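Hi everyone, thanks for coming. Let me put the structure up on the screen, and then I'll walk you through what I found.

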Amino acid sequence: MRSGIVESMEALVSEAERTGKKIGELVLEYEAKLKDVPRDEVWREMERRWRVMKDSVIKATAKPPQLPFKELTGMSRKVLTRKPLFLGSPLMKAVARSMAVAEYNASMGRICAAPTAGSAGILPAVLYTVMEEYEISEDSIVLALFTAGGIGLIIANRASISGAEAGCQAECGVASAMAAGALVELFEGSPRMVADAVAIALKNLMGLICDPVAGLVVSPCIKRNAIGVMNAFLSAEMALAGVKSLIPCDEVIDAMGEVGRKLPLEFKETGLGGIAATPTAEKLKKSLTGQI
Amino acid sequence: MESHNKSQSERKFIKHVRGRCMPRRRVESVFEIIGPVMVGPSSSHTAGAVRIGRLARELLGDRPVYAKIVLHGSFAETYRGHGTDRAIVAGLLGFAPDDERIRDAFSHAKREGLKFEIVTADLGEEYHPNTAKITLRGEKGETIEVVGSSIGGGHVEIVEINGFLVSISGTYHTLVTIHRDVPGVAAKITSLLASRGINIARMNITRKVRGEDACASIEVDQEIPEDVVRALERYPEIRIVRHVRPI
Ligand code: SF4
């Protein structure tokens, strides 16, 4: 099924403006039509995924899991328990939670990919934190997941959501853009503002490469979840303040896709470039494959 | 890194990566973006590996008691960090990719009497870098050798069964037979399916030597009733029949 609203941000925004519906509602209706099932059924499936996300935040922060690189174990805990100096406390918590979920993923915990497993900390951390801090209902959060999902669909089809195809801009970058757009809609921004937030978030992380040390989804992945969270709040805040993207969102998405295609293969999950190809990373890789 | 510095294996790896980037499938459902629910860390090295194990178990058609798992390429290089070894064993135990017990698959295997061996080897350039070759022995003494590749995003492909080239995605109900390579067997199978209103989505028959055994894998749109499997087992030309459920 081809529906304009998952082809372009412009189509999605105009449809929302024309009907007065939220983007999340349009995406929910689209999915129900696609699967040919009642809206309730689609809603319940998204609720189930939200429960998995919440669960991953709770379990991941309760006990920081062991990581393949021992020196990194407990990173999220350090951030979570520190009284922030520069960041506000909710922001600091969101950052810590995203890292915790990424650690949980790295240590074989159960997560919901959004849009990928490597970037799975960003959306749950952002939504969990605003739900708690601003007393937002679970229903609003589930609707925001449809908003985020619609944004992700457009990016997946115009560009990419795979680090192996287009670098980390397509994983943590896209997760951040999805979260930014969802935040704007949750906090009553207009559909145009949603598109601006997405465009701003994508531009901020454009060109980010995929270079995991020893091929493992640990370093720099966990910290990139943290910057994804910061960038989501920043982009949402800017869009809600009325800052516009000079370049329309769809063009930004297309540019991101082009950057991804043109990135050398060394920077697309092959472990041959970037952080993964540093002398220390090479040493770590050898020590890992040597341990039996 | 200068390109002339690349080792041969790096070049090979790149070739595979390039191959895997295209062609691209359209993403239609919002649940492919918000999802899948899975045990981490990697959709290809963990979730896909569970699927390969689970498909191997279904192809054995019995409770496995012994497994030899050969990891190739990127699976061989990164399996500890990604838990690929535990993921495959979890699949052999029948777990799904979102089962929280995957992390402790080895102790579950012990409890359920599944002995296993894990080794790494280069299976050859023709295989996808995320590939495992699994030899299984079941409770009833039956053995099978399955080669499966994890081709990205948690999607997998079984590429060999007992040396027969196949292509099974595990997203459909699949009927697999190993039968004598004589005229009319395929027709018997397809007409039985047709008579039960089962629609074939994709079918592929291969053999190693003409006139000996052949292997058919048939992906269908509907559930395959147990009695269809039983009926096929009664055909004298057919030695093995398996119904592989989608995972
Ligand atoms: S660096 Fe690569 S593996 Fe890690 S989160 Fe980014 S895209 Fe995923």
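This is a predicted model: local features need pLDDT of at least 70, side-chain atom pairs count only at pLDDT 80 or more; totals for chains, interfaces and linings use all residues.

If you look at the chain B share of the buried area, B:F31, B:I33 and B:I34 supply 17% of what chain B buries against chain A, more than any other three residues. In residue terms, 59 residues of chain A and 39 residues of chain B take part in the contact.

What about polar interactions here? The rule finds 19 residue pairs in polar contact across this interface, with both residues at pLDDT 80 or more. Which parts of chain B supply at least two residues each to the side that touches chain A? Those are helix 1 (8-21), strand 1 (37-39) and helix 3 (74-82) of chain B. Helix 1 of chain B gives the most, with seven residues. Sorted by class, that side of chain B has 16 nonpolar, 14 charged and nine polar residues.

On the charged residues, there are four salt bridges across the interface of chain B and chain A. One to zoom in on joins the side chains of A:K59 and B:E100, at 3.3 Å from N to O. Over all chains, the salt bridge count comes to 34.

A quick stop inside chain A. The side chains of A:R49 and A:E45 form a salt bridge at 2.8 Å, N to O. These two residues are about one helical turn apart, because they sit four residues from each other in helix 3 (residues 39-62) of chain A.

Now over to chain B and its sheets. One is an open sheet of six strands in the order 3-2-4-5-6-7, with mixed pairing. Its edges are strand 3 (115-120) and strand 7 (164-168) of chain B, each pairing on one side only. Neighbouring strands in this sheet are turned by 20° against each other on average, direction ignored.

Within that sheet, strand 2 (residues 64-73) and strand 3 of chain B run parallel, joined by six bridges. Here B:K68 has B:E117 as its bridge partner. Helix 4 of chain B, residues 84-92, packs on this sheet and touches strand 2, strand 3 and strand 4, at about 145° to the direction of strand 2. Helix 3 of chain B lies across strand 2, strand 3, strand 4 (130-138) and strand 5 (143-152), running at about 115° to strand 2.

There is another open sheet in chain B, with four strands in the order 9-10-8-11 and antiparallel pairing. Strand 9 (200-207) and strand 11 (238-244) of chain B each have a single partner strand, so one side of each is left without a neighbour in the sheet. The twist here averages 10° from one strand to the next.

Strand 9 and strand 10 (residues 213-220) of chain B are joined by seven bridges, and B:T206 stands opposite B:C215. Helix 6 of chain B, residues 185-195, lies across strand 8 (173-180), strand 9, strand 10 and strand 11, running at about 150° to strand 8. Finally, helix 7 (residues 226-233) of chain B lies across strand 8 and strand 11, at about 165° to strand 11.

That's my tour, and I'm happy to take questions!

Note on methods
Residues are numbered from 1 along each chain as its sequence is written. Chains are lettered from A and ligands numbered from 1 in the order in which they are written. Side-chain values use heavy atoms; hydrogens and water are left out. Contact means heavy atoms within 4.5 Å. Buried area is the accessible area (1.4 Å probe) that two parts lose on being put together, summed over both. A polar contact is a pair of N or O atoms within 3.5 Å; within protein, one must be able to donate a hydrogen and the other to accept it, and residues adjacent in sequence count only if both atoms are side-chain atoms. Ala, Val, Leu, Ile, Met, Phe, Trp, Tyr, Cys and Pro count as nonpolar, Asp, Glu, Lys and Arg as charged, and the others, Gly among them, as polar. Two strands pair if DSSP finds at least two bridges between them. Axes are lines fitted to C-alpha atoms, for helices over the stretch in contact, and angles run from 0 to 180 degrees between N-to-C directions.
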